[in-house]
Amino acid sequence: MKSASTKAGSDRSGVCWRPWATRCWPWPGSVSALSVWEIYRRGPGVCYGPRRLTPFAGRPEWRRGRSTLLGKYFLKDFGIDLGTANCLVYERGKGIVLREPSVVAVRRLTREILAIGEEARQMIGRTPADIVAVRPLRHGVIADFDLTREMLRHLIRRVCKRRVFFRPRVMVSVPAGTPEVERRAVIEASLNAGAREAYLIEEPVAAAIGAGLAVHEPSGNMIIDIGGGTTAIAVISLGGVVTGQSLRIGGDAMDEAIARFIRRTSNLMIGERTAEELKVAVGSAFPLAEEMRMEVRGRDYVSGLPKTVLIGSEEIREALQEPLPSIINAVRSVIERTPPELVADIMHKEIVLTGGGALLRGIDDRLRQEIGMPVRVAEDPLSSVAVGTGRALERIDLLARVAVGAKRSH
Ligand SMILES: Nc1ncnc2c1ncn2[C@@H]1O[C@H](COP(=O)(O)OP(=O)(O)OP(=O)(O)O)[C@@H](O)[C@H]1O
Ligand SMILES: [Mg+2]
């Protein structure tokens, strides 16, 4: 990590030191192959001339515009949130450019890939016997490496379009505590998928940056990222995780709990997509001012025939009595292990909730009541991790502090 950050830092020193790369710059007709290579190698936003060895910041506005124009059009930086439920891509200077469900449809015997993303998600539960719609990541870990690599390749190809010569830099978020072997596998997969440089960032750190927390300061920030497969709880200071815990409980576990509860109480069998629809439509973690109802269709457990039942938010709350206390207990245990100075900072700043699970109605009220600390939901919780990965790439000083693994292609 050290060597990569040093490399990146020296690349962006803002000083032109190769005379042959700069001499020809003011006359675009004479840009040599070497100077094009130099522009490509050094990345966007860096000074490329002219003649004098001047730092970027001291250059006149019109020249600054010229040198960044190349970076703007040809050199791309992408932040990728490789999630269990959704994959998001953030492009430097543009924001979120792609959102795809993390699903791949494959032919069982030949392993031929038939669809990736939204198209594959539509197939869940509706495939013929020889086709299966799978999630390459389960419970926040890579369950199928080949499919994960194909998905990364699909995402990078979709956002790069025709710019194959100028390969992008990517930063991919991985769950905190991902083993070294898997980290290396994600970096290799990104490079194989067409990245020029690949960096990794821990999900809670990315979520905190995306939620606008000043993670690089010597002060405590607490983040709870409730995703599809995992819940990451972390206290971050100086760009690193001080105390944290990752649970294999998230939105998927809530859906399973809802399906189990409805089968037990109403004798109705429902699929995971229906359970998720119920959770999103009427789910809550805290009593609502006006309770809600929704009609669900499924199969009667006893007769095997179709049946419709009306389910209310109180019932969903009861179903969530299984997964929610586990999350709350984990939050308590992380706070107990956190140094008192940092706890004082968090009391002052609020705990921030990110991830799709933060959209569950009343989850902030429930946490506030149970742990007695201020809690708020991030502005766009579903995008926080992707925005954080992209922002870390935008700011080289942040990158040096938060990247947990980095590699360049040869
Ligand atoms: N309005 C909502 N209310 C409750 N849950 C929601 C809502 N919207 C989305 N979710 C849940 O959020 C989860 C997806 O969140 P997110 O996209 O953050 O997960 P992920 O990043 O892919 O997963 P992970 O971080 O575990 O790898 C799903 O389980 C989904 O059901
Ligand atoms: Mg996530």
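The following legends describe close-up views of a predicted model.

**Figure 1. Overall composition of the chain.** The chain comprises 410 residues, of which 44% are buried. Its secondary structure amounts to 16 helices and 19 strands.

**Figure 2. The pairing of β12 with β13 and the loop that joins them.** Strand β12 (residues 231–237) pairs with β13 in the antiparallel sense, over 7 bridges. Within this pairing, Ala232 has Ser246 of β13 as its bridge partner. The loop between β12 and β13 contains Leu238. The phi of Leu238 is near 50°, which is a positive value in a residue other than glycine. Leu238 counts as exposed because it has 12 C-beta neighbours inside 10 Å.

Figure 3. The pairing of β14 with strand β15 (residues 293–300) is antiparallel and extends over 2 bridges. In this pairing, Met269 stands opposite Arg299 of β15.

**Figure 4. Helix α9 and its surroundings.** Helix α9 (residues 251–266) has 16 residues and spans 22 Å from its first C-alpha to its last, close to the 22 Å expected at 1.5 Å a residue. The buried residues of α9 are Gly251, Asp252, Ala253, Met254, Asp255, Ala257, Ile258, Ala259 and Ile262. These buried residues pack against the strands β11 (221–226), β14 (268–269) and β16 (306–312), as well as the helices α10 (272–282), α11 (313–319) and α12 (323–337). Asn267 follows α9 and belongs to the loop between α9 and β14. Although Asn267 is not a glycine, its phi is positive, at about 55°. Asn267 counts as partly exposed because it has 15 C-beta neighbours inside 10 Å.

**Figure 5. Helix α7 and its buried face.** Helix α7 (residues 180–192) contains 13 residues and reaches 18 Å from its first C-alpha to its last, close to the 18 Å expected at 1.5 Å a residue. Its buried residues are Val186, Ile187, Ala189 and Ser190. Seen down the axis of α7, these buried residues fall within an arc of 160°, so they line one face of the helix. The face turned away from the buried side carries the exposed residues Glu180 and Val181. Just after α7, Gly194 adopts a positive phi of about 115°.

**Figure 6. The residue shell around ligand 1.** There are 22 residues around ligand 1, and those that come nearest are Gly83, Gly227, Gly251, Gly356 and Leu359. The elements that contribute two or more residues to this shell are α9 and α10. Helix α10 gives the most, with 3 residues.

**Figure 7. The setting of Pro381.** Pro381 lies in the loop between β18 (375–377) and α15 (384–394). Pro381 counts as buried because it has 22 C-beta neighbours inside 10 Å. When residues up to four places away in sequence are not counted, Pro381 touches Leu353, Thr354, Gly355, Gly356, Ala358 and Leu359. Although Pro381 and Gly355 are 26 residues apart along the chain, their C-alpha atoms are separated by 4.9 Å.

Methods
Residues numbered from 1 in each chain as written. Chains lettered and ligands numbered in written order. Predicted model: local features only at pLDDT ≥ 70, side-chain atom pairs only at ≥ 80, totals over all residues. Helix = DSSP H or I, 4+ residues; strand = E, 2+ residues; numbered from the N terminus. Expected span 1.5 Å × (residues − 1). Buried ≥ 20, exposed ≤ 12 C-beta atoms within 10 Å, placed from the backbone. Contact = placed C-beta atoms within 7 Å. Pairing = 2+ DSSP bridges. Arc of directions from axis to C-beta. Near = placed C-beta within 6 Å.
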